[in-house]
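Me: Hi! I'd like to go through this structure with you. Could you take a look with me?

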Amino acid sequence: MTAQEVRLCGLLLREHFGEVVEKVGRHLIRSGAQNLRTLLHETGISIDLVKKSLCVLVQHGVCVFSSGRKGPGSPTEYRTSCDRILRILRYPRYIYTAKTLYGDTGELIIEELLQRGDMTMSSTVKTVADRLTQNMEEGRSMDYSEVSSAFSKLVETHFLQRCPPMAAAATKNGAASATPATPATPGTPAAPVSTTLPTPESFPDCYRVPHVTLIGKGKRRLSNEDGEDQRSAKRAKIDSETHGDEGIYWQVNFERFHLHFRDQAIISAVANKLDQTSSEIVRTMLRMSEVTTSPTATCTKPLSANEIFRSLPSSYNIARPILDQYLTLLVDDPMEFVGKAGESGGGMYVVNLHRALANLARATLESVVQERFGSRSARIFRLLLRKRHLEQKQVEDFAMIPAKEAKDMLYTLLSQNLVQLQEIPKTPDYAPSRTFYLYTVNQLPTARMLLQNCYKTVANLIERRLFESKESKRLLEKSQRIEAILASLQASGAEPEQLTEVEEMITAPEKQQLESLRLHINKLDSAENQVDETIFLLESYINSTVTS
């Protein structure tokens with residue numbers, strides 16, 4: 001955990017949950033596990049606000065709690081980590097992926113669950129069906145069964161999973177806001193002193209969809225002023241209905257999304273390096289290995305050429321001899337995305353997941369050096385990555401760059417910690433005349449340094465976006481009020497003259513300023529998402545290297 005990670009986590013918590021939750025979250029990040037009494041004393045926030053903040057953090061899976069370290073009966077302790085909070089940065093990507101794979105229905109299901117933290121299947125289906133119906137033309141509505149089907153598909157492919165029983169019970173029974181001495185799971189023996197918490201996969205019913213009795217269609221929101229009162233009056237009746245899934249809460253399986261992002265990055269890299277057919281072969285291999293390969297494995301389970309041939313999409317129409325040629329090409333490629341593990345069954349092949357991530361991270365580092373220091377510095381950087389250790393004279397000769405320029409570039413890269421200098425003395429006195437000075441690149445530490453730079457960049461982008469919005473707060477509020485008035489007039493069937501009169505309440509300079517602001521904010525949002533792709537790639541490479 002570094003200062004840049006803490007800063008970025010604080011900005012994400014403030015933007016999504018407010019300043020009080022940010023203060024509590026930052027304190028937990030810096031201090032580690034804390035009980036309620038210590039949190040109250042050290043943050044100086046009222047007990048009511050601290051309890052509500054902890055409820056919000058627990059609800060969204062950002063904070064976890066367990067029995068105290070002093071044994072059974074000791075105050076419950078709360079802890080959070082930067083990794084959990086940094087997932088918030090990737091929310092748009094999760095939603096977009098769900099939309100790509102499962103359409104608008106899948107998109108709204110994931111969006112609702114990310115927004116609420118966890119929900120029952122029946123309440124999710126109702127909310128999503130109502131939202132889809134609202135956007136349909138008059139007279140049409142979304143059937144609950146269609147949304148339930150999309151929900152079941154997301155569970156089958158493990159993009160959704162049940163919350164662990166302890167977390168679900170705690171979130172709903174208010175254990176997060178209970179007194180410190182309350183056990184984590186009421187009605188069960190106190191857990192032994194341990195920092196390990198149950199994971200969803202440790203329960204047998206993690207991906208079992210309950211039988212939900214939901215019949216009907218989505219309802220439109222009433223546009224008149226009495227609509228909210230009518231809905232409030234009916235809410236107790238609606239909520240009291242039973243659908244067969246009471247107490248079963250669902251959450252987004254972030255790890256499954258991360259595996260999908262990793263596979264897509266590998267497929268895209270193969271397509272760019274070779275061609276579309278090669279990428280389709282690798283996609284087929286990854287799809288076949290999804291169930292059998294551990295998330296932390298360095299490579300997939302071996303697959304025979306016969307199995308790969310049978311599993312290829314029929315639309316590609318690849319003959320068996322052509323497939324063998326493509327597999328040989330992939331194995332011989334220097335990037336080593338695919339490796340050969342044996343000769344049985346026409347040849348056994350694996351996808352080298354760790355090697356692929358290492359090569360993608362390496363390409364990212366080279367790209368950064370080229371963008372910041374130019375193509376000649378990138379040539380030197382690539383040379384050091386390939387040759388490992390070189391003296392200054394060897395760098396000049398191999399890179400074919402004049403001595404003075406090569407020296408300046410090496411010292412610039414050295415000052416930025418992108419290149420390291422290793423001293424190998426011939427004698428114990430370290431005399432400069434009798435010492436070899438070798439330049440080298442250590443990929444893992446360099447990737448870690450670049451990752452911290454990425455965190456800093458995203459934090460700067462968020463701060464800039466918040467500043468831009470704050471500066472134009474009055475204009476944005478005026479624009480929102482006018483949009484609300486227009487929507488109300490359109491719903492009540494107002495005359496075109498009335499609509500035009502309301503629209504003219506925003507002057508031409510204000511419209512121009514709003515357009516400029518929206519353009520800037522869109523650019524900042526887009527930059528955040530692009531930097532997050534680099535962050536994901538570097539994090540995946542670092543985690544893969546550590547576990548392997």
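Me: Which residue does the side chain of aspartate 532 meet in a salt bridge?

Reply: Aspartate 532 pairs with arginine 90, at 3.1 Å from N to O. A salt bridge here is a side-chain nitrogen of Lys or Arg within 4 Å of a carboxyl oxygen of Asp or Glu. Before we go on: this is a predicted model, where local features need pLDDT of at least 70, side-chain atom pairs count only at pLDDT 80 or more, and totals for chains, interfaces and linings use all residues. Residues are numbered from 1 along each chain as its sequence is written, and side-chain values use heavy atoms, with hydrogens and water left out.

Me: Thanks! And where in the chain are aspartate 532 and arginine 90?

Reply: Aspartate 532 is in helix α22, while arginine 90 is in the loop between α5 (82–86) and α6 (91–116). They are 442 residues apart, so the pair links distant parts of the chain. Helices (H or I, at least four residues) and strands (E, at least two) are DSSP runs, numbered from the N terminus.

Me: Is aspartate 532 buried or exposed?

Reply: Buried, with a relative accessible area of 3%. Arginine 90 is buried as well, at 5% relative accessibility. The cut-offs are under 20% relative accessible area for buried, over 50% for exposed, and partly exposed in between (1.4 Å probe, protein chains only).

Me: How many salt bridges does the structure hold?

Reply: There are 27. One of them joins the side chains of arginine 465 and glutamate 15, at 2.4 Å from N to O. Arginine 465 lies in helix α19 (residues 443–471) and glutamate 15 in helix α1, so this pair ties together parts that are 450 residues apart in sequence.

Me: How accessible is arginine 465? And glutamate 15?

Reply: Arginine 465 counts as buried at 10% relative accessibility, whereas glutamate 15 is partly exposed at 31%.

Me: What about lysine 99: which residue does it form a salt bridge with?

Reply: With aspartate 104, the closest N and O atoms being 2.5 Å apart. Lysine 99 is partly exposed, with a relative accessible area of 34%, and aspartate 104 is partly exposed at 43%.

Me: Which residues do salt bridges with shared partners join into one network?

Reply: Glu15, Arg465, Asp525 and Glu528.

Me: Let's switch to polar contacts. Which side chain does serine 544 reach?

Reply: The side chain of serine 544 makes a polar contact of 2.7 Å with the side chain of histidine 354. A polar contact is a pair of N or O atoms within 3.5 Å; within protein, one must be able to donate a hydrogen and the other to accept it, and residues adjacent in sequence count only if both atoms are side-chain atoms. Serine 544 is in helix α22 (residues 508–547) and is buried at 12% relative accessibility.

Me: And serine 66: which side chain does it join?

Reply: That of arginine 79, through a polar contact of 3.2 Å. Serine 66 is in strand β2 (residues 63–66) and is buried, with a relative accessible area of 6%.

Me: Now the nonpolar side. Which residues touch the most other members of the largest core?

Reply: Leu8, Leu54, Ile109, Ile110, Leu160, Ile380 and Leu384, out of 95 residues in that core. A second, separate core has 25 residues, including Val282, Leu286, Leu312 and Val338. A nonpolar core is a set of buried Ala, Val, Leu, Ile, Met, Phe, Trp, Tyr and Cys residues joined through side-chain atoms within 4.5 Å.

Me: What is isoleucine 380 in contact with?

Reply: Leaving aside neighbours within four places in sequence, isoleucine 380 is in contact with Val395, Ala399, Ile401, Ala406, Met409, Leu410 and Leu413. Contact means heavy atoms within 4.5 Å.

Me: Last topic, backbone angles. What is phi of glutamate 336 near?

Reply: Near 55 degrees, a positive value in a residue other than glycine. Most residues other than glycine have a negative phi. Glutamate 336 is in the loop between α14 (320–332) and β8 (338–342), and is partly exposed at 32% relative accessibility.

Me: And where is asparagine 417 found?

Reply: In the loop between α18 (403–415) and β10 (420–425). Phi of asparagine 417 is near 65 degrees, also a positive value, and asparagine 417 is partly exposed, with a relative accessible area of 48%.
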